[in-house]
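Open the model in your viewer and keep the selection tool ready.

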Amino acid sequence: MATLQDFLSKMGRECGDHPADAILAVDWVQSRMASILERAAFPFLIKETTFQTVAEITAGTITCTNGSATITETTSNANGWSSSVEGRYFRRDGDSEFYDISTFNNLNPDTLTLARNYEGSSGTVKGYSIVQRIYSMASDCREVIGMTVIDSPTRMEKVSVTDINRGLLNRPQVGSPPNFWAPIGRDSSNIMRVEVYPIPDEVHGILYHYIQTTPTLKSDTTLLPQVNYVVLRAGWLSDYWSWRAAHDDAPAGALLAAGKYEEEFERKLKEMLIRECPNFPSVPIRLAARYAKNHGTKFGPSKHTVLLPD
């Protein structure tokens with residue numbers, strides 16, 4: 001199978017006495033590969049991996065003060081907190097509000113700093129819970145296409161974060177296993193995140209399948225065999241002739257050549273899409289709540305305890 005260097009060597013021969021700029025030549029391959037692979041959820045890009053949900057923390061008791069962002073453990077070192085709770089969510093027993101935990105402070109007693117001031121009633125020796133509802137996916141994940149709780153086993157249903165926000169503002173249900181998942185943007189490292197619901201209170205293995213992002217190409221990177229050489233060649237030559245057209249010694253037909261290769265790129269890419277189309281994964285569709293509320297499926301009544309709004 002050809003590497004990036006092999007491909008560029010062939011393109012160099014087509015350029016004749018006017019070789020492409022070395023850096024631009026790689027950029028053209030990278031951008032065209034992205035144009036191809038991101039056009040559809042190609043099945044050859046599907047990968048699978050797992051992550052684990054995090055168990056609920058309820059050990060010990062806390063002291064909280066209305067208007068303060070600091071939560072203090074009542075007895076020093078009794079709660080077992082660590083820096084791992086940063087980014088999770090705190091809720092005092094009896095309250096409905098969740099608070100994002102910004103910082104764990106290793107003091108005596110230990111404290112948590114919330115992302116906003118505590119809005120409930122002040123209290124000491126109070127019960128609480130710390131949970132995690134948002135999880136980061138694999139670093140090369142572009143789009144999640146399905147999730148399954150391994151130990152149940154239960155297929156989780158994909159919903160939108162808008163569905164969850166409309167029907168479950170305070171995320172009232174903590175329990176296992178989670179039934180739903182929703183894409184929720186990317187973290188500070190540009191890694192995709194999902195929210196799961198009900199918020200897990202136990203450790204569960206979650207198997208998920210995803211479409212991988214376009215790989216970063218290096219000279220020894222093996223190009224994907226499913227991407228036809230003719231597609232990549234046409235796109236690269238379109239970029240090359242557009243670049244050549246800006247030079248003083250450019251041939252008169254440089255822009256015409258760029259346009260011709262761009263048309264060929266689109267035509268060959270459509271042929272690739274048609275060829276791969278029968279292999280595309282199916283996408284499950286969630287029944288609207290007004291139907292799911294009173295109707296089951298051919299496999300039996302609806303198992304969900306929470307009905308999201310239409």
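What follows is a list of selections in a predicted model, with what is found at each.

**Colour by confidence**

Start with the whole chain, coloured by pLDDT. The average is 89, and 90% of the residues score at least 70. Confidence is highest in strand β6, residues 111-114, at 97, and lowest in helix α6, residues 289-292, at a mean of 56. Then select residues 296-305, where pLDDT stays under 50. The model has 11 contacts beyond four places in sequence for this stretch.

**Strand β6: T111**

Go to T111, which lies in strand β6. Is T111 buried or exposed? Its relative accessibility is 9%, so T111 counts as buried. Show its surroundings: beyond the neighbours within four places in sequence, T111 is in contact with T70, I71, T72, W81, T103, F104 and N105.

**The nonpolar cores**

Select F7, V29, I36 and W236. These have the most contacts inside the largest nonpolar core, which has 30 residues. Helices to display with them are α1 (4-15), α2 (22-37), α4 (229-244) and α5 (254-276), the elements that give two or more residues to this core. Now centre on W236. Leaving out its neighbours within four places in sequence, its contacts are F7, L8, M11, C15, A20, A25, W28, V29 and R32. For the second core, which is separate and has 17 residues, select C141, M147, M192 and V194, which are among its members.

**Salt bridges**

Side chains of opposite charge can pair when their charged atoms come close. The model has 11 salt bridges. Begin with D140 and K47, whose side chains meet at 2.7 Å, N to O. D140 is in the loop between β9 (134-136) and β10 (141-149) and K47 is in strand β1 (residues 46-52), so this pair ties together parts that are 93 residues apart in sequence. D140 is buried, with a relative accessible area of 19%, whereas K47 is partly exposed at 32%.

The R133 and E195 side chains form a salt bridge at 2.8 Å, N to O. R133 sits in the loop between β8 (128-131) and β9, and E195 in strand β13, so parts 62 residues apart in sequence are tied together. R133 is buried, with a relative accessible area of 13%, and E195 counts as buried at 0%.

The salt bridge between E195 and R171 is at 2.6 Å, N to O. R171 belongs to the loop between α3 and β12 and E195 to strand β13, so this pair ties together parts 24 residues apart in sequence. Both E195 and R171 are buried. For a network, select R32, D239 and E262, which are joined by salt bridges that share partners.

**R88**

Select R88, in the loop between β3 (70-73) and β4 (89-92). A polar atom of the R88 side chain lies 3.1 Å from the backbone oxygen of S84, and the side chain makes a polar contact with that of Q132 at 3.4 Å. Not counting residues up to four places away in sequence, R88 touches V54, I57, Y99, D100, I101, I130, V131 and Q132.

**Backbone details**

Stay in the loop between β3 and β4 and move to N77. Its phi is near 60 degrees, a positive value in a residue other than glycine. N77 counts as exposed because its relative accessibility is 54%. Then go to N190, in the loop between β12 and β13. N190 is not a glycine either, and its phi is positive at about 65 degrees. At 52% relative accessibility, N190 counts as exposed.

Finish with two peptide bonds. The bond joining S176 and P177 is cis, with omega about -5 degrees; P177 is in the loop between α3 (161-167) and β12 (180-186). The bond from Y197 to P198 is also cis, with omega near -5 degrees, and P198 lies in the loop between β13 (192-197) and β14 (205-212).

How values were computed:
Residues are numbered from 1 along each chain as its sequence is written. This is a predicted model: local features need pLDDT of at least 70, side-chain atom pairs count only at pLDDT 80 or more; totals for chains, interfaces and linings use all residues. Side-chain values use heavy atoms; hydrogens and water are left out. Helices (H or I, at least four residues) and strands (E, at least two) are DSSP runs, numbered from the N terminus. A polar contact is a pair of N or O atoms within 3.5 Å; within protein, one must be able to donate a hydrogen and the other to accept it, and residues adjacent in sequence count only if both atoms are side-chain atoms. Contact means heavy atoms within 4.5 Å. Buried means under 20% relative accessible area, exposed over 50%, partly exposed in between (1.4 Å probe, protein chains only). A nonpolar core is a set of buried Ala, Val, Leu, Ile, Met, Phe, Trp, Tyr and Cys residues joined through side-chain atoms within 4.5 Å. pLDDT is the predictor's confidence in each residue, from 0 to 100. A salt bridge is a side-chain nitrogen of Lys or Arg within 4 Å of a carboxyl oxygen of Asp or Glu.
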